[in-house]
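My notes follow in the order in which I looked.

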Amino acid sequence: MPVPADANQPQHPITHFTQPRALEFKALPGFFRQYEASPADPDVWLLPPALGRVAQSWEAFWAEVERTRAQIGNDGKVGVLILQRHGEGIHNVAEQKYGKEAWDSYYSKLPMYRDAALTTYGVEQMQEMSKEMKKEIVTGLGMPSTILSSPLSRCLNTTRIIWENITESYAEDAGGAHRKSFPQVPHVWENLREEYGVHTCDERRSRTELQTLFPSYNFTDLKVDDDPFWTPNEREPLSHVDERVRDAFGHMFSLKQVGESTGRGFISVVCHGGIVESAIRITGHPDFCVLPGGLLPMVVVAQYVN
């Protein structure tokens, strides 16, 4: 990370992925109910049937994805993303208990909420989500081609709870050997972390500590051992959150697995409410409230800007 020219002027660097040209992203309608959801449609907000799929089956869903890819051709890439917000954390409970004003002004700054953990209910939420994902996988969704996570512990644990046992269960259903592992090694990206600064719940642990706690994960994207971004005095601007989420999307769409004409793998992105909100802004997806433990699936087209 470059040394700030003025230590009194907080910096907001980004873990950049180098792209030859700028990309723009657009969420596509017609694939998931969340795109046209309303408050009068409550069953779509947390864990909807078939993840909110519009098509009658996953076979029909993937056929429509492949038709869309054919229409886009070489002008862009079409990817399927499942943005999973972490399960309920102790900080979510505290904000609800004390109210937003008291949380922001006092409680959010307390050491007890540093890198906030999941609650017991948050763990139970993710166990249910894992069962739902397994059901959709075996009925045609297929396995993820990539699993990505924020480096904050509540997301790393959410990733573990949802995905660690699915390969084992999937293999048993398919008559395969009994094994327990991730379907893919989860990759931890700095740019997927929550809006940082001031709130202790959004300060990450050192890479060394995280590698000890989560030895099966790939932490190579964390370039610095200690958290290089969090400060107690300034909250990250939303414009900067959007900039780094846009960079993360550019990285996702550079992956070989994304956009292949016959590829059925989706990208699982385990992140935060603030990152989901940013993804909505940069893709033009209609506003959608993702509660702790909820998800937002998207079909997104990425195209180069001339």
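**Sheet, one loop lysine, cysteines**

I began with the strands and found six of them in an open sheet of mixed pairing, ordered β1-β6-β2-β5-β3-β4; strands here are DSSP E runs of at least two residues and helices are H or I runs of at least four, numbered from the N terminus, and two strands pair if DSSP finds at least two bridges between them. The edges are held by β1 (23-27) and β4 (187-188), each with a single partner strand, so one side of each has no neighbour in the sheet.

Before going on I noted that this is a predicted model, in which local features need pLDDT of at least 70 and side-chain atom pairs pLDDT 80 or more, while totals for chains, interfaces and linings use all residues. Residues are numbered from 1 along each chain as its sequence is written, and side-chain values use heavy atoms, with hydrogens and water left out.

I then followed β2 (residues 76-85), which pairs with β6 (residues 295-304) in the antiparallel sense over nine bridges, with K77 opposite A302. Towards β5 (residues 267-271), β2 runs parallel and is joined by five bridges, and here R85 stands opposite C271. Eight of the 10 residues of β2 are buried, where buried means under 20% relative accessible area, exposed over 50%, and partly exposed in between, with a 1.4 Å probe and protein chains only.

Next I looked at β3 (residues 146-149), which pairs with β5 in the parallel sense over four bridges; the partner of T146 in β5 is I267. Helix α9 (residues 273-283) packs on the sheet and touches β1, β2, β5 and β6, its direction making about 40° with that of β6; contact means heavy atoms within 4.5 Å, and axes are lines fitted to C-alpha atoms, for helices over the stretch in contact, with angles from 0 to 180 degrees between N-to-C directions.

For the loop between α7 (207-213) and α8 (238-252) I picked K223, which is exposed at a relative accessible area of 60%. The side chain of K223 reaches the backbone oxygen of T220 at 3.3 Å. I also noted 8.7 Å between the C-alpha atoms of K223 and E190, which are 33 residues apart along the chain.

Last, how many disulfides does a search of the whole structure find? I found zero, with a disulfide taken as a pair of cysteine sulfur atoms within 2.5 Å. The sulfur closest to that of C155 is in C271, at 6.5 Å, which is too far for a bond. C155 is buried at 0% relative accessible area, and C201 is buried at 2%.

Terms used:
A polar contact is a pair of N or O atoms within 3.5 Å; within protein, one must be able to donate a hydrogen and the other to accept it, and residues adjacent in sequence count only if both atoms are side-chain atoms.
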